[in-house]
Protein chains: 2
Amino acid sequence: MGDAKALLMSGVPELLILRLLAEREMYGYELARAVRAVTREAISLGEGVLYPALHSLELSGLLRARRRQVGGRTRVYYNVTAKGRRRLEYLTSHWRRIATAVEAALAGPQHA
Amino acid sequence: MGDAKALLMSGVPELLILRLLAEREMYGYELARAVRAVTREAISLGEGVLYPALHSLELSGLLRARRRQVGGRTRVYYNVTAKGRRRLEYLTSHWRRIATAVEAALAGPQHA
DNA sequence: GTACTATACCTCGTACTTCGATGTATAGAG
DNA sequence: CTCTATACATCGAAGTACGAGGTATAGTAC
């Protein structure tokens with residue numbers, strides 16, 4: 001995850017992950033369900049997206065992981081670091097900027 | 001450009017190109033300026049994005065190209081085909097769906 | 001006349017993101 | 001004892017976007 005680039009690339013999975021984990025600590029599987037819930041099934045992060053993303057975010061120091069045994073199953077809980085919160089802020093404002101721009105284009109060139 | 005997939009991938013350049021060309025025929029360089037204008041400089045499609053995208057869209061039958069000589073310079077004008085308009089409709093509704101979902105997530109999980 | 005800027009097209013290699021498929025293993029329900 | 005849900009993970013493929021570089025003409029400023 002290119003630290004601070006992301007010019008146009010959606011980066012939506014990263015944004016959603018940071019946003020939901022900023023609210024409360026969760027483990028992967030739980031997070032997947034949470035994403036589906038908040039977006040009312042509009043967005044579903046597949047496991048092939050979710051787990052690599054979590055690892056990458058941890059590696060970049062944006063998330064901190066903590067393993068816990070719960071009823072015979074291993075869960076990996078994640079929470080957002082200070083750096084992660086800064087990244088979340090950046091991604092949020094970036095998203096809004098792009099979303100506003102796209103809306104303007106969709107509304108029609110007459111507003112140029 | 002994956003005909004009808006695009007699950008999460010932004011596909012924003014494709015959407016903007018189709019949207020602006022649906023309004024009126026333009027040539028590449030002009031289109032680049034138009035994008036900057038409507039989005040108030042928020043989005044600038046580099047030439048490394050724009051031209052390959054135009055070629056790919058033409059190849060997929062979403063755009064039709066027409067070369068014209070204007071004052072010693074060659075311009076390639078593009079307009080949107082019927083198929084292109086259908087694709088534009090799909091991309092637009094897809095965008096709105098994703099944008100709404102992301103906004104919901106940013107607003108906070110309390111609305112889950 | 002000549003250097004610089006704007007116009008106008010193009011391509012290549014690279015990097016990153018995302019996707020689907022597949023794999024492992026445990027717990028609980030029927 | 002089988003099937004589903006939970007819970008983690010990885011791999012290869014495909015798609016997207018980006019920056020850098022390349023060609024050439026027209027007009028402007030010096």
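So, B:Arg96 and A:Glu103 form a salt bridge, with their closest N and O atoms 2.7 Å apart. By salt bridge I mean a side-chain nitrogen of Lys or Arg within 4 Å of a carboxyl oxygen of Asp or Glu. B:Arg96 sits in helix 4 of chain B and A:Glu103 in helix 4 of chain A, so this pair joins two chains. Helices here are DSSP runs (H or I, at least four residues), numbered from the N terminus.

Quick housekeeping. This is a predicted model, where local features need pLDDT of at least 70 and side-chain atom pairs count only at pLDDT 80 or more, while totals for chains, interfaces and linings use all residues. Residues are numbered from 1 along each chain as its sequence is written, chains are lettered from A and ligands numbered from 1 in the order in which they are written, and side-chain values use heavy atoms, leaving out hydrogens and water.

Okay, how many salt bridges are there between chain B and chain A? Two, and over all chains the count comes to twelve.

Now those two helices. Helix 4 covers residues 82-107 in chain A and also residues 82-107 in chain B, and the pair packs at about 145 degrees with axes 12 Å apart. The axes are lines fitted to C-alpha atoms over the stretch in contact, and angles run from 0 to 180 degrees between N-to-C directions. Who touches whom? In helix 4 of chain A, the residues in contact (heavy atoms within 4.5 Å) include A:Thr92, A:Trp95 and A:Arg96, and they meet a set in helix 4 of chain B that includes B:Thr92, B:Trp95 and B:Arg96. The residues of that helix contact split into eight nonpolar, two polar and four charged. For the record, Ala, Val, Leu, Ile, Met, Phe, Trp, Tyr, Cys and Pro count as nonpolar, Asp, Glu, Lys and Arg as charged, and the others, Gly among them, as polar.

Zooming out, each chain puts residues into the interface: 33 from chain B and 33 from chain A. Together they bury about 2,900 Å², 72% of it on carbon and sulfur atoms. Buried area is the accessible area (1.4 Å probe) lost on putting two parts together, summed over both.
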